[in-house]
Amino acid sequence: MLKRRQFINLSVVLSASTLVSQVRPNLEGFEKDTNKLLPKRLKKGDTIGLIAPGYAVKPEVLEEMKSTLVDMGFIPFHTDRIHGNHGYFSDTDKERAADLNEMFTNPDVDAILCARGGYGCTRIMQMINYDNIKSNPKILVGFSDVTALLNGINQETGLVTFHGPVGSTIDDDYSKQQLLAKLESPNYPQTIENVVLEDKEMLENPEYERYAITTGSASGKLVGGSLSLIVALVGTPHEIDFTDAIVCIEDVEEAPYRMDRMLTQLIEGSTFKKAKGIVFGVCAGCDKDPSPSGFTLKEVLLDRIAPLNIPAAYGMSFGHVPNNFTFPIGIHAHWDADKMTLELLENAVL
């Protein structure tokens, strides 16, 4: 077993000695992806359907997000299924799936926003009417547990989905600006840059540190989201194929050893090592280890990711954090691990 000092030295050497650089691809090649399905862009005055495909939503939180959407120029809409509780879920599996399916087929709903995450999306994956989604493509936004829906629906239908704030977290200017920039207009090319950190607590928190794990740049299709959900899809019909992809990863309140375990599972799988780039968001609450002899989150990421020789960096502004940018699942992007920029190479909306 590696001692702590040996662990750190080996990781740093691997990271510093690896330089992977690729030329940005010709966009004409991407246009041959006939499976890609783009939703219509969002316009002021559009109706946004709110669903809770996982945990229940508190009534006061629901009212706050509706007020926020109204202030942003949109009309919020939801069915009665979003009210109440079924255990820790907002409703039964059948009703939560029905809510999602009906939002796609409802002609009065222009886009769909998940009200919150929690747990439950993986339970309804086999109840989704993917043919109806193909026939009624719409913007779908969320993160955390919604990772399963975003990637699964993209796989099944080709619909570009959006990893971004849920209704309960659209409450800061950066998140709003980033969300609307992706949804209101075709956005090729568009470069996503990190928020400028000004909060003293964030600046002093190692979980918000920004650093390259493996230098270089690469281009590929965007996939990913919450690490826990990415791993939860392994072995299911919606397991993510990471081949030639730019993989975006974040999580919350997972101890370093749990992050280690989940990343190891992906690395030991068949396609993760074939990814083109790895983009870590802020893993809030994931640098806590009660053992003084344990490893920090940064040490785990360097040890697990640097040997893959894939351009990778940590600290992008997405995840369970106040400032959460939006990125489309299913379009090609160019990732620069040194500059920590993610450039969208294709339109994400019509």
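This is a predicted model: local features need pLDDT of at least 70, side-chain atom pairs count only at pLDDT 80 or more; totals for chains, interfaces and linings use all residues.
**Entry 1: an aromatic cluster**

I began with Tyr88, which at 49% relative accessibility counts as partly exposed, where buried means under 20% relative accessible area, exposed over 50% and partly exposed in between, with a 1.4 Å probe and protein chains only. Residues are numbered from 1 along each chain as its sequence is written, and side-chain values use heavy atoms, with hydrogens and water left out.

I then looked up the aromatic pairs, and the structure holds nine of them; rings of Phe, Tyr and Trp (its six-membered ring) pair if their centres lie within 6.5 Å, and planes under 30 degrees apart count as stacked, over 60 as edge-to-face and the rest as tilted. For Tyr55 and Tyr88 the ring centres are 5.8 Å apart and the planes stand at 45°, so I logged the pair as tilted. Tyr55 sits in the loop between strand S2 (47–51) and helix H3 (59–71), and Tyr88 in the loop between strand S3 (75–77) and helix H4 (93–105), so the pair ties together parts that are 33 residues apart in sequence. Helices (H or I, at least four residues) and strands (E, at least two) are DSSP runs, numbered from the N terminus. Tyr55 is partly exposed, at a relative accessible area of 28%.

The next pair I checked was Phe89 with Tyr119, whose ring centres are 5.7 Å apart with planes at 40°, so this pair is tilted. Phe89 belongs to the loop between S3 and H4 and Tyr119 to the loop between S4 and helix H5 (130–135), so the pair ties together parts that are 30 residues apart in sequence. Phe89 is buried, with a relative accessible area of 5%, whereas Tyr119, at 33% relative accessibility, counts as partly exposed. I recorded Tyr55, Tyr88, Phe89 and Tyr119 as one aromatic cluster.

**Entry 2: charges over rings**

Which residue lies over the face of Phe89? I found Arg96 there, at 4.3 Å from the ring centre; a charge sits over a ring if NZ of Lys or CZ of Arg is within 6 Å of the ring centre and within 35 degrees of the ring normal. I also noted Lys298 over the face of Tyr211, at 4.6 Å from the ring centre.

**Entry 3: cavities**

On a 1 Å grid over the protein atoms alone, a cavity is a set of points where a 1.4 Å probe fits but cannot get out, and a pocket is an open set with protein on both sides within 12 Å along at least five of seven lines; lining residues have an atom within 4 Å of a point. Grid points are joined across faces, edges and corners, and a volume is the space filled by probe spheres set on the points.

The largest cavity holds about 80 Å³ of space. It is lined by 14 residues, of which Leu42, Ile48, Leu113, Leu179 and Leu183 are the closest to its centre. Strand S4 (111–114), strand S5 (139–142) and helix H7 (173–183) are the elements that give two or more residues to this lining. By class, the lining has 14 nonpolar, no polar and no charged residues, with Ala, Val, Leu, Ile, Met, Phe, Trp, Tyr, Cys and Pro counted as nonpolar, Asp, Glu, Lys and Arg as charged, and the others, Gly among them, as polar.

For the second largest cavity I logged about 60 Å³ of space. Its lining divides into eight nonpolar, three polar and one charged, and includes Val195, Tyr208, Arg210, Met316 and Asn323.

The largest pocket has a volume of about 420 Å³. Among its 20 lining residues, Asp33, Asn154, Lys221, Val223 and Gly330 are the closest to its centre. Helix H6 (147–157) and strand S8 (211–226) each supply at least two lining residues, and the largest share, five residues, comes from H6. This lining has three nonpolar, eleven polar and six charged residues.

The second largest pocket contains about 260 Å³ of space. Lys40, Val109, Asp110, Pro137 and Lys138 lie nearest its centre, out of 14 lining residues.

**Entry 4: Ile192**

Leaving aside residues up to four places away in sequence, Ile192 touches residues including Gln178, Met316, Phe325 and Leu344, where contact means heavy atoms within 4.5 Å.
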